Amino acid sequence: MNKTQLMILMTPVILFSLTVHEYSHGRVALLLGDDTAKRAGRLSLNPAVHLDMLGTVIFPLIGAVLGGVMFGWAKPVPIDPRRFKNVRSSIFWVSFAGPGINIILAIISAFLLALVITQVPQDFYLFMPFISMLKQSVYINIILAIFNLIPFPPLDGSKMVSAFLSYEAMRKYEELARFSFLFFIVLMYTGGLRIVLTPALIAGEGVIALFYQMLA
């Protein structure tokens, strides 16, 4: 399968994964009392309303062209913590909702991948496209989950940590967001990001293997 074919298969996966990630933030916020995302028209599974030109289009395309896994981000869903009854716990769960749903999607994709491998005849004309798409879905969702759980502002992991900090400590912690671009560049070019993601990707392979053994 060439890069063009792989990119065609990966595009709906990355769009769906990013969309569900942001939708989950907004949905959990609504359940906890904040309807800001809903009033802004962001409580939707339509990828267009979450589109960020750089993160949802350009960055994933660069990843595909370079032969890697498509990776990116969507426009953050607006949240108003003042509407929460319990601000700290609500911020934690709203922040975790995005990476949490990506973990769930990765597990579902691993199960479906094992199901296709064990139950669908290899001569079925969509066998390889299904295999490729589901495998990429496992990797993409694991990467989205683990990357967003890194506790560096403005990633979801930092908001989960800030839920346990005092106001003054939280304010100083969130000021690190000014250095986020530099932080990500250092992670990418020092191999730090690979160190963070490799164990998670290995775990993903393990989940696929587990489901394969169960279904074989």
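The following dialogue examines how several labels were assigned in this predicted model.

Modeller: In this predicted model, local features need pLDDT of at least 70 and side-chain atom pairs count only at pLDDT 80 or more, while totals for chains, interfaces and linings use all residues. Residues are numbered from 1 along each chain as its sequence is written, and side-chain values use heavy atoms, with hydrogens and water left out.

Biologist: Why is the contact of Asp35 and Arg83 called a salt bridge?

Modeller: A salt bridge requires a side-chain nitrogen of Lys or Arg within 4 Å of a carboxyl oxygen of Asp or Glu. The N to O distance for Asp35 and Arg83 is 3.6 Å, so the pair qualifies under that cut-off. Asp35 belongs to the loop between α1 (3-31) and α2 (36-39), and Arg83 to the loop between α3 and α4 (87-119), so the bridge ties together parts 48 residues apart in sequence. Helices here are DSSP runs of H or I with at least four residues, numbered from the N terminus.

Biologist: What makes Asp80 buried or exposed?

Modeller: Buried means under 20% relative accessible area, exposed over 50%, and partly exposed in between (1.4 Å probe, protein chains only). Asp80 has 15% relative accessibility and therefore counts as buried. Its salt-bridge partner Arg83, with closest N and O atoms 3.8 Å apart, is partly exposed at 38%. Asp35, at 25%, is partly exposed.

Biologist: Which salt bridge involves Arg171?

Modeller: Arg171 pairs with Glu175, the closest N and O atoms being 3.0 Å apart. Elsewhere, salt bridges with shared partners join Asp34, Asp35, Arg39, Asp80, Arg82 and Arg83 into one network. The whole structure holds 7 salt bridges.

Biologist: How is Ile62 classified, and why?

Modeller: Ile62 lies in helix α3 (residues 53-65), and its relative accessibility of 44% makes it partly exposed. Ile62 also belongs to a nonpolar surface patch with Leu51, Met53, Leu54, Ile58 and Trp73, whose accessible area together is about 540 Å². Patch members have over 30% relative accessible area and no salt bridge; nonpolar side chains (Val, Leu, Ile, Met, Phe, Trp, Tyr) are joined within 5 Å, like charges within 9 Å.

Biologist: What lines the largest cavity?

Modeller: A cavity is a set of points on a 1 Å grid over the protein atoms alone, where a 1.4 Å probe fits but cannot get out; lining residues have an atom within 4 Å of a point. The lining consists of Leu15, Leu18, Thr19, Pro47, His50, Leu51, Thr56 and Ala74, and the space is about 30 Å³.

Note on methods:
Accessible areas come from the Shrake-Rupley method with a 1.4 Å probe; for residues, only the protein chains shown count as cover. Helices (H or I, at least four residues) and strands (E, at least two) are DSSP runs, numbered from the N terminus. On a 1 Å grid over the protein atoms alone, a cavity is a set of points where a 1.4 Å probe fits but cannot get out, and a pocket is an open set with protein on both sides within 12 Å along at least five of seven lines; lining residues have an atom within 4 Å of a point. Grid points are joined across faces, edges and corners, and a volume is the space filled by probe spheres set on the points.
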